[in-house]
Amino acid sequence: MSEEMSGAKWYVVHTYSGYENKVKANIEKTVENRNLQDQILEVSVPLETVIETTKSGVRKEVQKKIFPGYVLINMIMNDDTWYVVRNTRGVTGFVGPGSKPVPLTDEEMRNLGINASKKVAVDYNVGETIVAISGVWENTVGQIKSINEGKQTVTIMVDMFGRETPVELNFSEIRHM
């Protein structure tokens, strides 16, 4: 891991209500366009699965935002990244006193279920065949199309509804064939 990546911390950004996913998509698009993948590593809208009962008595699982109006960003704070995030449509500002963003502590990250210090070292290569060992895609076999060391994920192509669809899996959810 580069010296720069070790300086990345998690920050909380306040957004207009209901704009969380749009802000996430806009920041990810800007990161791609400006080639800032080594500075803004991950943008997250934490979700939880809850069971709701409809008026007709039907119970169903739905995804709810844990923190409506907030987006978590794992990034290296500098003038460029601050500017990109702060000037994204739907963002009202960073969480912190005044205009100074305050990173989340390791304890706060653990409470959110994100272990900021645990990184999985892997020896996977693009083109290699892997199998998912847990999660929604358990027992799915696929060929690695891309590897994201910062997010600790690989992307494989899965045949779904008669077409190739990219699926992102965590390093901890896969193993060699």
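Val131 has Val141, a residue of strand E8, as its bridge partner. The model in which this pair is seen is a predicted one. The two strands concerned are E7, residues 129–132, and E8, residues 141–148, which pair in the antiparallel sense over 3 bridges. Strands of a sheet pair through backbone hydrogen bonds, in either a parallel or an antiparallel manner.

The E7 and E8 pairing belongs to an open sheet of 5 strands, arranged in the order E10-E9-E8-E7-E11 with antiparallel pairing. Strand E10 (163–170) and strand E11 (174–176) stand at the edges; each has a single partner strand, so one side of each is left without a neighbour in the sheet. On average, and with direction ignored, neighbouring strands of this sheet are turned by 45° against each other.

Helix H1 comprises the 15 residues 20–34. Which residues of H1 are buried? They are Glu20, Val23, Ile27 and Val31. These residues cover an arc of only 70° around the axis, which places them on the same side of H1. An α-helix has 3.6 residues a turn, so residues three or four places apart point the same way. Glu32 and Asn33, by contrast, are exposed on the other side of H1. The cover over the buried residues of H1 includes strands E1 (9–15), E2 (40–44), E4 (59–65), E5 (70–75) and E6 (91–94), together with helix H2 (79–86). Just after H1, Asn35 adopts a positive phi of about 55°.

Glu20 has a relative accessible area of 2%, and because buried means under 20%, it counts as buried. A polar atom of its side chain lies 3.4 Å from the backbone nitrogen of Gly18. Leaving out residues up to four places away in sequence, Glu20 touches Thr15, Val45, Lys65, Pro68, Gly69, Tyr70 and Val71.

Val85 is located in helix H2. With a relative accessible area of 0%, Val85 is buried. Its contacts, neighbours within four places in sequence set aside, are Val13, Ile27, Ile40, Ile73, Met75, Val91 and Phe94. Ile27, one of these contacts, is also among the buried residues of H1. Phe67 is 18 residues from Val85 along the chain, and the C-alpha atoms of the two are separated by 18 Å.

How values were computed: Residues numbered from 1 in each chain as written. Predicted model: local features only at pLDDT ≥ 70, side-chain atom pairs only at ≥ 80, totals over all residues. Heavy atoms only, no water. Helix = DSSP H or I, 4+ residues; strand = E, 2+ residues; numbered from the N terminus. Expected span 1.5 Å × (residues − 1). Buried < 20%, exposed > 50% of the residue type's maximum accessible area, 1.4 Å probe, protein only. Arc of directions from axis to C-beta. Contact = heavy atoms within 4.5 Å. Polar contact = N/O pair within 3.5 Å; in protein donor to acceptor, adjacent residues only side chain to side chain. Pairing = 2+ DSSP bridges. Axes fitted to C-alpha atoms, helices over the stretch in contact; angles between N-to-C directions.
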